[in-house]
Amino acid sequence: MTSPDLTSHQHTSPNLPRSSPAPQDASRSRWSTHSIAFRLIAVVLAVELVSSVLVILLSLGYERHTHFHAFDVMLHGRADSVLGAVQDAEDAADNVMLDEADLHLPADDLWEVWDERGHLLGRSPNWQGSGQGYTPEASDGFSKLTLGGHDFRLLREHGSRIVDPGEPGGGTLRHVTVLYGAPTSHVRRAIRRAVEFYAAGSLILLLVTGPLIAWLLHRGLLPLRQLAALASRVSVDSWQFDPPASARTTRELAPLTHAMESVLAGLEKAFVQQRTFVSDAAHELKTAVAVVKSSLQLVALKPRSPAEYEAGLDRALADTARLEDLVAKMLTLARVEGGIATASAATTPAACDLAASLRQTVSDLATVAELRRVRVNLHAPQAPCLVPLPAEDALLLASNLLLNALQHSPADASVLLRLSVESGSALLTVEDHGEGISPDVLPHVFDRFYRGDPSRTRSTGGAGLGLAICRAIVEKASGTVAIASQPGVGTTVTVRLPLAAPPADSPPPSA
Amino acid sequence: MRVLLVEDEVRLADNLAAALRDGPGFAVDWAADGEAGDDFARNGVYDLVILDLMLPRLDGLSLLKRLRARADSTPVLILTAKEGKQPIIQLLNAGADDYLPKPFDLGELLARAKALIRRGKGAAHPMLRALDIELNTLEQSVRRAGTLVDLSPTEYRILEYLIHNPRKIVSKRELLEHLYDYNWEHHSNVIEAHVSNLRKKLEADLPSAPPVIETMRGRGYRLAAEAEQPLDLT
């Protein structure tokens, strides 16, 4: 497990959140310290190791205790049997003696017996003696002794014997001291063997469970790896992200999976929209350029009269003006739409008076209306109607809507502009009495570059961006725009915008 | 030759139609959307279809597929503003004969249109030959036995059409359909007058030469066969 890779890899910088790890890196980082699997395995093994050591230490203590306890009991027993061999010497002085004939003790053991007068009653043949003699002041207990390279545990025991208990006066009480020792080597060996058994067991357990845990963790982390593999396949060209069922049902991965899905779906939508816009814009621009180019080449196709040249140049100039208008509208749309992200942030949008913008638009477009012989009626309150739009955008919105209505109005018709304040929002309706829009076209009129019936819009020269710009402006200000139409009767565009706080008030509320 | 132009951009269509009429002298019909283009194409009188891809009501690719589905083999030249190779491969596989990306060069468009019409008639070279007549489709000039014959545009177009269809009886109606667009009044006696003038001009310097255009009474005209001429004379 501690491969040389591990140490060498630690020197690399911890730049984990890489967008696309190289394949050969993947196998290396599997065992790097940044790997979750590695860390989990390391932690589990460390815990196992610590537990094993604890088990060994506990068993050592326990085995020591039980073995030495048994040993001590045995020593007591043997010392008692030595004491039992102290007998009446049957002499006049009522001395005691040791009857060794009845003693059957292990040859390795050491023992000696002293009486209260300091006489050595008996001693094991393999011992020179403790040299202590009769020690009534010393209490009973154990001590250690090393003899001939062997460790002995020595028990001191005091005993007494009554000589001639049948005599009057209860006989004579004689005290003796017994020292009994036995070698501890085999006890220690037994303890060591027991501990060795536990240690070996722990080691085997560690060796078996280590790989098992590694395998189980590897298996357990499979959903994560699958998710990562699928996520790494997502690219700008391929948005396909189909998370495995395991990633969805795993409690820890489900939030991540959902987040990735929603982010990818949103990104893809935005990306496709952008791509469609670029493609549509390219188509429109190329067509407009093709018109200009063909107009000029048509003039140059063959020698012509000055009048023909003049007419040709006029046409080419008109075509160029249309191209210019298209470019300007596209830039406007890009500006308005591009501002959405920043406007929704902390910046507070500028406010302007929509009623004033409408009045200015109506006067600006009066000549256009006159040319088309269309009456324009404006119903707007005199009081300022503040909406969260820059004045420039409000004018653009008003003029686009009015121009659209004028273009679709027959001669001698009228266009009605109405502005009112309803339940905290500004409501603007632009009503024309033109030919109307068919129901299958209606849902698309706000799409960029969409032209309804070509025979109608072509004649007005629209680029199909006017209403798209209107929608972008309104949506930027968190408003809504809707269109309703009845073929043959007319069309009504309804714009609803939130009211902006008056600038004289306390600091404007952050959006 | 008669060309169907399917293009929704009015100004571009105007310019293309003007160039096709002024340059090679084609008759041009214009359709502003896919469905109208399909209706026009059903007449089966066109020698070339110039087709824009992005069209209202019916897009260019669908129109092309409809055309080929009813075994219409009219050459189709696609005008496209789309990027990328895939749409082009798709177009050619759907039966398009050629394509031009916008913005295109008007001269190139005319050259490709002429080449496609020529190919559609089975001629690879811009110089057409029949009997002792040489017809240069680039210069729109005609020589008979090496001598330049001065023809009016309509006379030239009648001769070009007949040479493109050798030994085929071409009716006055067919000539009308292929030489004039819908903006013209249709009168078969106009054709008769032009054919008569064409015959006179072709045979003016060579009174003893065999006739180039045969009249099949009640059926139409036919370009005379080369091998049969000496037999008829003797």
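pLDDT is the predictor's confidence in each residue, from 0 to 100. Keep that scale in mind, as this is a predicted model, where local features need pLDDT of at least 70, side-chain atom pairs count only at pLDDT 80 or more, and totals for chains, interfaces and linings use all residues. Residues are numbered from 1 along each chain as its sequence is written, and chains are lettered from A, ligands numbered from 1, in the order in which they are written.

Start by colouring chain B by confidence. Its average pLDDT is 83, and 91% of the residues score at least 70. Now select residues 228–234 of chain B: pLDDT stays under 50 there, and the model has 4 contacts for this stretch beyond four places in sequence (a contact means C-beta atoms, placed from the backbone, within 7 Å).

Next, show both chains together. Here 18 residues of chain A are in contact with 24 residues of chain B. Pick α7 (254–300) of chain A, which gives the most to this side of chain A, with 12 residues (helices are DSSP runs of H or I, at least four residues, and strands runs of E, at least two, numbered from the N terminus). The model scores ipTM 0.71 and pTM 0.57.

Finally, move to the open sheet of chain A, where 5 strands follow the order β9-β11-β12-β14-β13 with mixed pairing (two strands pair if DSSP finds at least two bridges between them). β9 (375–379) and β13 (480–486) of chain A stand at the edges with a single partner strand each, so one side of each has no neighbour in the sheet. Zoom in on β13(A) and β14(A), residues 490–498: they run antiparallel, joined by 7 bridges. A:Q486 stands opposite A:G490 in β14(A).

Note on methods: Two residues are in contact if their C-beta atoms, placed from the backbone, lie within 7 Å.
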